Amino acid sequence: MESIYSTQDALKTERGLTKVRAVQNQNYQRNGPKSYVHLLHRYNIEPTKAGPYVRVNRPQQRGLVSDEFKAALGGHASQERVLVKKKGPEPGAKHGEVIAEDSQNDTLYLCKVNIGTPPQTLMLDFDTGSADLWVFSNALASGEEKDHNVFDPKASSTWGPMPGKTWKIEYGDGSNASGECGKDTLALGGLSVEKQTIEIAKKLSDQFVSSTGDGLLGLAFSKINTVQDSGKADPQATPVENMMKQGDIPKEAALFTSAFYSSRDNATSKSFYTFGYIDQDLVEKSEHEIHWVDIDNSNGFWSFPSESVSINGKSFPTDLNTAIADTGTTLALMADDIVDALYAAIPGATYDWANQGYIFPKDVTLKSLPNFKVAVGKKQFQIQQEDLAFAPTDDGQSWFGGVQSRGNLPFDILGDTFLKSVYAIWDQGNTRFGVVPKLDKTQRLIPPTATRKQIGEAKTKVTSVLMADAGSFDPISVPV
């Protein structure tokens with residue numbers, strides 16, 4: 001690693017690289033079921049555990065000719081599996097639509113980036129589970145721009161349009177965003193990425209308009225980028241992929257890292273990303289060498305083998321299992337048998353139909369929570385105990401667990417619940433994922449600050465415009 005560190009140090013000095021603070025979104029309200037429903041939509045999951053949300057067959061709503069008319073002509077009505085919400089647990093209970101309020105439509109962390117010349121500042125969601133870089137733009141209706149930083153292509157001398165190229169993302173809950181594309185300079189953490197494809201939003205659903213951030217910066221792989229050219233798929237390179245193409249970023253620095261800290265205390269302000277270098281002090285502080293695992297990016301994700309877990313020292317093999325690391329996910333989703341075994345080790349834990357997940361009593365102590373470890377490649381890493389408690393339930397009597405069922409997904413999703421326990425190195429240049437443990441010395445079972453509204457404290461909305469102001473976006477001043 002010494003030669004790698006040496007190369008990164010030289011680049012860091014030459015470019016003046018700095019950490020990119022991952023600011024906790026003060027408007028974000030933790031809610032277990034809403035976060036779970038968001039993932040059901042995001043990954044098109046078919047639930048395998050009972051609860052309000054199920055998938056049913058429904059004729060696809062496409063075209064001008066009804067499916068009934070097609071069937072009468074001898075054709076087949078096209079069916080799709082859609083998520084609906086049951087009215088109750090009894091067999092045959094009626095179901096209705098899943099509405100926007102059923103899902104988590106905001107993000108926990110936002111990061112400052114600059115686009116264009118002169119630079120225009122936006123607050124974006126950094127997401128290793130997607131590969132689009134889209135932003136609010138001045139092409140939106142004036143009401144949709146309110147309380148957001150918006151990008152104006154005409155105000156940038158380095159902007160270049162990309163005629164014919166369009167983009168669109170959409171989820172099962174009806175949320176969608178779409179628009180046109182161009183190229184411009186992206187600056188983050190001291191690195192400049194030239195001719196980066198920027199997807200400017202011209203249409204946004206209410207879910208995106210009401211969220212706090214100004215768009216999304218995808219850090220997965222370009223295979224899942226949604227850009228099309230005249231209607232045909234034309235995936236565009238992500239920022240790190242473009243860093244590699246530029247030729248002025250050495251392979252040893254074609255990476256980014258992430259460190260997330262507890263949202264139950266002031267350390268939240270220390271959460272950060274780096275681009276182009278590894279925080280050697282944090283690695284040294286862990287007293288561990290970086291554990292590397294090769295990734296399989298064939299499906300566009302940060303996917304790696306995860307073939308075991310342990311609960312209080314008892315190992316549970318999960319042969320041929322894989323997991324993806326996803327900064328855009330708050331929970332960890334795992335196979336049902338593992339989830340069942342985990343909560344069997346927590347006093348008073350039960351599966352709750354209404355929450356569609358495992359819950360456990362608020363009076364459970366940290367000492368009574370299990371030591372739960374998950375494998376990254378051949379090595380297991382502990383999920384810190386406080387993160388087994390994700391958010392209070394609506395009645396305030398229980399915790400909604402941070403690890404829940406992955407449904408019919410063939411792989412695990414390791415989101416914030418896992419990633420807060422490690423310092424993660426996303427080494428795109430060498431197609432590998434690295435981790436060292438990063439456990440908080442003090443564990444606390446209190447509601448995270450992002451649930452203040454739920455527990456009766458007054459809360460004022462903080463806009464991304466205010467967050468982008470370096471002097472006022474962070475109410476807790478802690479150096480990163």
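## Helix α2

A polar contact is a pair of N or O atoms within 3.5 Å, where, within protein, one atom must be able to donate a hydrogen and the other to accept it. In this predicted model, such a pair is found at the start of α2, where a side-chain oxygen of Asn31 reaches to within 3.0 Å of the backbone nitrogen of Lys34.

Helix α2 itself runs over residues 32-42 and is mostly covered, with 9 of its 11 residues buried; among them are Tyr36, Leu39 and Leu40, together with His41 and Arg42. Just after α2, the backbone at Asn44 takes a positive phi of about 55°.

His148 belongs to the loop that lies between α4 (142-145) and β8 (160-170). This residue counts as buried because its relative accessibility is 8%, and buried means under 20%.

The side chain of His148 makes a polar contact with the side chain of Asp214 at 3.2 Å, and it also reaches the backbone oxygen of Ser211 at 3.3 Å. If neighbours within four places in sequence are left aside, the residues in contact with His148 include Phe136, Phe208, Val209, Ser464 and Val465.

In soluble globular proteins, nonpolar side chains tend to be buried together. Here the largest nonpolar core has 92 residues, of which Phe126, Phe275, Phe372, Val403 and Phe433 touch the most other members. Apart from this core lies another, of 14 residues, with Met162, Leu204, Phe208 and Leu216 among them.

Not counting residues up to four places away in sequence, Phe372 touches a set of residues including Val309, Ile311, Met334, Phe381, Leu388 and Val403.

Definitions and conventions. Residues numbered from 1 in each chain as written. Predicted model: local features only at pLDDT ≥ 70, side-chain atom pairs only at ≥ 80, totals over all residues. Heavy atoms only, no water. Helix = DSSP H or I, 4+ residues; strand = E, 2+ residues; numbered from the N terminus. Buried < 20%, exposed > 50% of the residue type's maximum accessible area, 1.4 Å probe, protein only. Contact = heavy atoms within 4.5 Å. Core = buried A, V, L, I, M, F, W, Y, C linked by side-chain atoms within 4.5 Å.
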